[in-house]
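Please read the following walk through one protein model with the sequence and coordinates open.

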Amino acid sequence: MGRTREAGCVAAGMVIGAGACYCVYRLTWGKDENEKIWDDDDDDDDDEEEEEEEEEESSGISEIGVGPEKGSKTNIGVGAGTQSPGDIEARPEVNLGPESDPGVKKEAHLGSQSGGGLEAKAKALFNILKEQASAKAGKGVRVGNISGNRTLAPSLPCPGGRGGGCHPTKARAGSRSSGKSKGKSRSKSTRVPATTWPVRRGKFNFPYKIDDILSAPDLQKVLNILERTNDPFIQEVALVTLGNNAAYSFNQNAIRELGGVPIIAKLIKTKDPIIREKTYNALNNLSVNAENQGKIKTYISQVCDDTMVCRLDSAVQMAGLRLLTNMTVTNHYQHLLSYSFPDFFALLFLGNHFTKIQIMKLIINFTENPAMTRELVSCKVPSELISLFNKEWDREILLNILTLFENINDNIKSEGLASSRKEFSRSSLFFLFKESGVCVKKIRALANHNDLVVKVKVLKVLTKL
């Protein structure tokens, strides 16, 4: 019994050793030789076809990849899997195919049945496992005649996002044609990557970081780049750089003196929403300067129109509203936007929480100018606007709507508009705030609000009624 166990252990060790040697061979020297075979000229195909005919005639030969011949003695251990390069080149077949390919199964079966010894059985087992793993990974399917054009899988995103470097990555083909099909010639163009990354932006080394504080000559370089390029990626980086530098008062003057306001403002017309957003942000920082406002006023109507028609609650809309709010802090340019009052109130009703807050800040700027009161209260507003006085809203919205009501009520009294109520329609802001009495009821209901700040604001408004 002991001798039988020893014999079994020796046989198992020999099988494992043969398989390990064959794996080393396939992963090192055999791989390089297969690469040489792939790059050979098409003349080798004729030799391969002749060898196929010879192999079909000979019934005692079994090949799996590059295997030993029937009847040859096998040295298990060091000599396993070591053959001359000439023998390898004589059989350049690389078995690629799906797991269900009958040729693979038949070849493996012949190798296991022939008297090639343990090495042949080990190679057969290894080749079967390899083909199964390749078929599962999708690498065993023939590439066929594919042109050299790169393709992109629809599920693969562009790396690096918008500002990232999207460059095609050369990937080796997952499978290679065996070259045995009749009437089809094998060429190097068949080695094509199945999926590659798309190139959306060209690589560009911007000379500065977006958060660098630049001097006047450096700002001039950035403005020149922005003026000459049509690449959205370069435009975005340049606009962010200029916007960050425009946050400093000394650079606000420098950008204006370098003629930067028209260069930046021309990108308002672009269709790319991200470029428009960055343009509004840069102009917003520049508009803090009173002299810059005199330059930006030329484009304020265009900004207003785009802000009203762009996607609701989008980043572009928020950036445009911030710019309009800065431009209306003073009374100099408010009259340029009086035609958009109905749109402002419609957006106040339709927008989300952040849009409501920003649009109320904009309208409050108009209410602080008594000269704009008549145009403001005569515009048509949605009746649902009254819902903003409900206690369900948070503190910021309630404080803003109460401030808006307080300013309008004060301006109506100071301008003497209460006596000319017949001039205003029932759908006007004047009727909603002053004549309907609904707002007053809503405000009085807020006197019991849980927030102390809101309660104090309500009491202040009620004392002025």
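Helices are DSSP runs of H or I with at least four residues, and strands are runs of E with at least two, numbered from the N terminus. The model is predicted, so local features need pLDDT of at least 70 and side-chain atom pairs count only at pLDDT 80 or more, while totals for chains, interfaces and linings use all residues. Residues are numbered from 1 along each chain as its sequence is written, and side-chain values use heavy atoms, with hydrogens and water left out.

D313 sits in the loop between α13 (300–309) and α14 (315–327). Most residues other than glycine have a negative phi. D313 is not a glycine, yet its phi is positive, about 65 degrees. With a relative accessible area of 27%, D313 is partly exposed (buried means under 20%, exposed over 50%, partly exposed in between; 1.4 Å probe, protein chains only).

The whole structure holds eight aromatic pairs (rings of Phe, Tyr and Trp, the latter by its six-membered ring, with centres within 6.5 Å; planes under 30 degrees apart are stacked, over 60 edge-to-face, the rest tilted). One of them joins F389 and F405 edge-to-face, at 6.2 Å centre to centre and 85 degrees between the planes. Because F389 belongs to the loop between α17 (373–378) and α18 (395–415) and F405 to helix α18, the pair ties together parts 16 residues apart in sequence. F389 is buried at 1% relative accessibility, and F405 is buried at 2%. Elsewhere, F341, F344 and F366 make up one aromatic cluster.
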